[in-house]
Amino acid sequence: MSQLIDAVDVIVTSPSRNYVVLKITTSDGVVGWGDATLNGRELAVASYLRDHVGPTLVGKAADRIEDIWQYLYRGVYWRRGPVTMAAIGAVDLALWDILGKTLGVPVHRLLGGAVRDRILSYTHATGWDLPELIDSVEARRDQGFRAVRAQFGVPGLDKVYGVTRGAASYEPAGRGVGPAEETWDTPAYLRQAPTILTGLREHVGPDLHLLHDAHHRLNPTEAGRLARSLEPVDLYWLEDVIPAENQHLLRAVRDKTTTPLAIGEVFNTIWDCHELISERLVDYIRTAVSHVGGISHLRKILAFAEVYQVKGGPHGPSDVSPISIAASLHVGLATTNFAIQELMGYGPLVSEVFQASYRFDDGYLHPGDAPGLGVTVDEQAAARFPYEQAYLPIARDRDGTMKDW
Ligand code: EZ4
Ligand code: CO
């Protein structure tokens, strides 16, 4: 006899960043946790779940995970999009968590079991100039990381997204009623990138994996030039060189370079990125487990990608909660073409709300063997950190024109 879904609750909490947590409780009192966080649009997903999804799930069998996914996707006229898919993702994560807890097994065992012992992980390093960047990368290497994303300042600019000056910690979403505004200069960036990343490679030697993120700011001509100029750096990947929705334009970038390309943290379904995969315009697909409709849908994307020798390297910044990191790691442990997991890391308050059983050791992550996803949420702690408006900064060219995010 299946357990029924008894209650669906939404918790919004802000332990230094805003997180939306979905709590599903079954008739037997089993609790499953899902992540519904959508950076800068958190309350839209909270309302979608609270007002439209939650009431329709009460009374349904909690172990019919795929059918509930289809019900929320095919059964609704309005499909796709980040708000819808983050909401479906949260439900999916919570239901896999419940199934694992009910059976007493970690979720990766429900996905076919481990195909690897541990999952390569990368984190962020940031430095305004080469000496600062080297310090930051070396500090990450001292922590055990074998793969590091390197972001750097651009001469003539005051600020660059994802880059700090000095040793300040970096938390990209600023609190306030609207986004901060920054100035951007593509020619100056294109001049700086090969200089600083070549210098970094010379310093760190050949073994450390280096990654770099261009945050969708280039056109295909600029992107091709950048990717080609970075070939001597031997990047693990170059990320988000052009706006992600301009998929077929990636061919122009591809044709100019052998630098591996990664894109897709803004995609929400397989229908958003199937051409990119089947035409092999990327080496790595970056869809995040919660933003792409959960474990059930990420598995389908990766199964499709496996056919084309494209690998998964999911988004994992501090704006997806530890519940998503755990879910992604369960997928990663059980999915053969899963390459690497981004782990930006969290501020100290986040662990007061989320207690995660995944572990980091020697540059690799493991989801742990706790039943379900292995993350619990302290609701009393969550209540101490009410929602605050917070947004990523936007960037404009020197003449005031908006840049792509
Ligand atoms: O800009 O998480 O790869 N990581 C990134 C992040 C994203 C933010 C968006 O919410 O690109 O820094
Ligand atoms: Co990115």
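A residue is called buried when its relative accessible area is under 20%, exposed when over 50%, and partly exposed in between (1.4 Å probe, protein chains only). Strands are DSSP runs of E with at least two residues, numbered from the N terminus.

This is a predicted model, where local features need pLDDT of at least 70 and side-chain atom pairs count only at pLDDT 80 or more, while totals for chains, interfaces and linings use all residues. Residues are numbered from 1 along each chain as its sequence is written, chains are lettered from A and ligands numbered from 1 in the order in which they are written, and side-chain values use heavy atoms, with hydrogens and water left out.

**Exercise 1. Find out how many residues of strand β2 (residues 19-26) are buried, and what follows from that.**

Step 1: Take one side of the strand. Y19, V21, K23 and T25 are all buried.

**Exercise 2. Work out which strands pair with β2.**

Step 1: Recall the rule: two strands pair if DSSP finds at least two bridges between them.

Step 2: Look at β1 (residues 5-13). Eight bridges join β1 to β2, and the two run antiparallel. Their hairpin has five residues between the strands, and S16 takes a positive phi near 85°.

Step 3: Look at β3 (residues 31-35). Five bridges join β2 to β3, again antiparallel. Four residues lie between the two in this hairpin, and G29 in the turn has a positive phi of about 85°.

Step 4: Follow K23 of β2. D9 stands opposite K23, and in β3 the bridge partner of K23 is W33.

**Exercise 3. Explain why the second largest cavity lies between two domains.**

Step 1: Settle the term. A cavity is a set of points, on a 1 Å grid over the protein atoms alone, where a 1.4 Å probe fits but cannot get out; lining residues have an atom within 4 Å of a point.

Step 2: Inspect the lining, which includes S16, N39, R175 and D319.

Step 3: Conclude. Domain 1 (5-106) and domain 2 (110-369), with bounds from an automatic or database domain assignment, both give residues to the lining, so the cavity lies between them.

Terms used
On a 1 Å grid over the protein atoms alone, a cavity is a set of points where a 1.4 Å probe fits but cannot get out, and a pocket is an open set with protein on both sides within 12 Å along at least five of seven lines; lining residues have an atom within 4 Å of a point.
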